[in-house]
Amino acid sequence: MAAEPRGESFDAIVVGSGFGGSVAACRLAQAGRNVLLLERGQPYPPGAFPRTPRAVRDGAFWRPRDGRHGLWELWRFPGLGAVVSSGLGGGSLIYANVALRKDEATFVDDEHERWPLSYADLEPHYARVEAMQGAAPYPADREPYASTPKTNALLAAAEQVGLDAFRPNIAVSFAPDGSPPGTPLEPAPNVHGAPRYACRLCGECIVGCQYGAKNTLDYTYLSAAQAAGATIRCCCEASLIAPRDGGGWTLRYRQHLAAKAGHRAELLDPTDAPERAVAAPVVVLASGTLGSTRFLLANRPSLPRLSPRIGTGFSGNGDLLFFVRGADRYLEPSVGPTITATAKVSDRMSPSGREFFLQDAGAPAACEWLWQAAEAPADLWRLRRSLWRRLGGRLRGDRDTSIGGLASEALGTARESAAMLPLLGMGRDLPGGRMTLHGDDLQVSWDDRESHAFFDGMEATGRAMCRALGGRMWRPGGRLARLVTVHPLGGCPMGRNAHEGVVDSYGRVFGADGLYVADGSIMPGPVGANPSLTIAAVAERIAAEMVAA
Ligand SMILES: Cc1cc2nc3c(=O)[nH]c(=O)nc-3n(C[C@H](O)[C@H](O)[C@H](O)COP(=O)(O)OP(=O)(O)OC[C@H]3O[C@@H](n4cnc5c(N)ncnc54)[C@H](O)[C@@H]3O)c2cc1C
Ligand code: SF4
């Protein structure tokens, strides 16, 4: 292959700023390496997340070919949908903050998944990530954060059904004892140069925290990376990689120039060149499950020894969203951080023999208004009696002109919105999916029928939880509805050799010296629990090995 023209050089280039990329960039920079981090999306300082319908239409979605450079990338594959994020901090910007370790018993080596590392290999790295991310359970037992109704409800329902349940670690900053929600947090330098405020329980974690209360990666690993000297360039999307004569890699990226306006210069490429080339002996791909797999598939001509396992081992981490409706108590889904409690059904207790979790998936208050609309016809029908009474009063000469009571009556019992709660199930489905590239278009073939026993078991337990709350289970679209995953995993699975995987357990791509992958794509199977902590811990382990080498 002909040598690429030389551009800027770094010790290491990291592509993507999610849980894998932030950790790798931070630890390499702290070890004194000259690091460049490329992120295709924009920075999101506090207050920058779109909220109104117009702002969402114009600025929320990612599809550069239509001029859209927003936060959410939505995918619709046959039989499966997926949601991922685009922005400085990757999935942490819109995730629900849960930081759970993968169960020790699930690092299996069987016909479905071959994990080339164990819990013991990750244990010290889990602890490092938890410390960096400030992960701790929702402080339901102390002022000013009295327990949210949904937290209590999930824990009580799980107990009634006979499940283990607890408050998982979440990466959120809460006000210190005695200070009110929204208290300014202790100032600490961050990439946005912006003040942060303690959690206000607004339920908006999955649409971006306007107050900086979530400990997203831009405030943690990425700020530490920048402080250690890493160069961060947002709105820069890596497109091509090629080996250099004599070793190392040239990486080409395109700039989304239209998206750069209004952002801090130190988070952007200093030029206005639409395309750039940079070089380094080490490149760490951390573009997420869909991004890294797609990048390697697209660059196959430059990577002739890439493992034939590329694209395999895809799973949605068993994601299943459903709702409890008509509960016998108000659950106030929009009060509190998105997830505060989890029920856990271990491999041993699960009907399919495969572990799963059920969590309260709170939602912004705007969603409560949408759900309330379902109650409107019955409420308006009931309201007719009051309207008749009022009309009768008028005819009898009543001059009461205050209508606040009527307006409040129009909202009926508000049970449709306040006595309902989304519940998120996830766990160890079977990683039988395959990702391919058709022209520029990514495809995922994944068949939930392979995991029927798993999903049936999770759904039956979910139904029992809904009954325990005095309500009923509701799945929009029923069984015919497409599954939607927010936890896509696999595509570049780890393995002991190139027949088993695309990378080894230290993220090294087989057959491509100096090229690494460190993100969700290298999971050789579902994590079971929410996967970000495991992705970050694996990246810590990869970075530690790179620094030691
Ligand atoms: C609504 C929602 C809620 C979630 N809640 C939780 C939770 O509570 N707990 C949990 O553990 N997980 C949660 N997740 C999942 C979690 O966000 C992901 O598992 C995690 O972010 C994956 O990390 P990653 O490093 O693999 O990739 P990502 O975090 O997706 O990061 C990849 C980054 O690479 C960038 N990128 C892609 N291609 C390129 C390119 N070519 N050039 C430059 N940059 C590129 C992307 O823009 C992105 O920023 C949630 C996800 C969603 C969508
Ligand atoms: S509930 Fe979530 S979005 Fe709201 S302030 Fe707390 S962390 Fe931020």
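Two residues are in contact when their heavy atoms lie within 4.5 Å. Keep that cut-off in mind for every "touches" below. This is a predicted model. By that contact rule, Arg-142 touches Phe-174, Ala-175, Pro-176 and Asp-177, leaving aside residues up to four places away in sequence. The chain has 549 residues, and buried ones make up 57% of them.

**The chain as a whole**

- The secondary structure comes to 12 helices and 28 strands.
- The radius of gyration is 25 Å, close to the 24 Å that the globule rule gives for 549 residues, so the chain is as compact as a globular protein of that length.
- The C-alpha trace spans about 95 × 50 × 50 Å along its principal axes.
- Take the contacts between residues at least 6 apart in sequence: 75% of them join residues at least 24 apart.

- Ligand 2 takes up the space of the largest cavity.
- Around ligand 2 there are 14 residues.
- Cys-199, Arg-200, Cys-202, Cys-205 and Cys-209 come nearest to ligand 2.
- Sorted by class, the shell holds 9 nonpolar, 2 polar and 3 charged residues.

**The loop between β12 and α5**

- Ser-173 lies in this loop, which runs between β12 (169-170) and α5 (221-227).
- Ser-173 is buried because its relative accessible area is 17%, and the cut-off for buried is under 20%.
- Ser-173 touches Leu-185, Arg-196, Ala-198, Cys-199, Ala-213 and Asn-215, not counting residues up to four places away in sequence.
- One of those partners, Cys-199, is also among the residues that come nearest to ligand 2.
- Ser-173 and Tyr-138 are 35 residues apart in sequence, and their C-alpha atoms are 9.7 Å apart in space.
- Pro-184 also has its place in the loop between β12 and α5.
- Pro-184 is exposed, with a relative accessible area of 57%, because exposed means over 50%.
- Pro-184 touches Arg-196 and Tyr-197, with residues up to four places away in sequence not counted.
- Pro-184 and Ala-198 are 14 residues apart along the chain, and 6.2 Å separates their C-alpha atoms.

**Arg-142 in a strand**

- Arg-142 lies in strand β9, which covers residues 141-142.
- Its relative accessibility is 26%, so Arg-142 counts as partly exposed.
- Pro-176, one of the residues that Arg-142 touches, is 34 residues away from Arg-142 in sequence.
- The C-alpha atoms of Arg-142 and Pro-176 are 9.6 Å apart in space.

**Two buried residues in helices**

- Asp-379 has its place in helix α8 (residues 376-395).
- Asp-379 counts as buried, because its relative accessibility is 1%.
- Asp-379 touches Gln-372, Ala-410, Leu-411, Gly-412 and Thr-413, not counting residues up to four places away in sequence.
- Ser-532 lies in helix α12 (residues 532-548).
- Ser-532 is buried too, with a relative accessible area of 8%.
- Ser-532 touches Phe-19, Tyr-95 and Val-98, again without residues up to four places away in sequence.
- Ser-532 and Glu-159 are 373 residues apart in sequence, and their C-alpha atoms are 27 Å apart in space.

- Most residues other than glycine have a negative phi.
- Glu-332 has a positive phi, near 45 degrees.
- Glu-332 has its place in the loop between β19 (320-325) and β20 (342-345).
- Glu-332 counts as partly exposed, because its relative accessibility is 28%.
- Ala-414 has a positive phi as well, near 60 degrees.
- Ala-414 has its place in the loop between α9 (404-409) and α10 (415-418).
- At 24% relative accessibility, Ala-414 counts as partly exposed.

Conventions:
Residues are numbered from 1 along each chain as its sequence is written. Chains are lettered from A and ligands numbered from 1 in the order in which they are written. This is a predicted model: local features need pLDDT of at least 70, side-chain atom pairs count only at pLDDT 80 or more; totals for chains, interfaces and linings use all residues. Side-chain values use heavy atoms; hydrogens and water are left out. A residue is near a molecule or strand if one of its heavy atoms lies within 4 Å of it. On a 1 Å grid over the protein atoms alone, a cavity is a set of points where a 1.4 Å probe fits but cannot get out, and a pocket is an open set with protein on both sides within 12 Å along at least five of seven lines; lining residues have an atom within 4 Å of a point. A molecule sits in a cavity or pocket if more than half of its atoms lie within 2 Å of its grid points. Ala, Val, Leu, Ile, Met, Phe, Trp, Tyr, Cys and Pro count as nonpolar, Asp, Glu, Lys and Arg as charged, and the others, Gly among them, as polar. Helices (H or I, at least four residues) and strands (E, at least two) are DSSP runs, numbered from the N terminus. Buried means under 20% relative accessible area, exposed over 50%, partly exposed in between (1.4 Å probe, protein chains only). The radius of gyration is taken over C-alpha atoms; the globule rule is 2.2 Å times the number of residues to the power 0.38.
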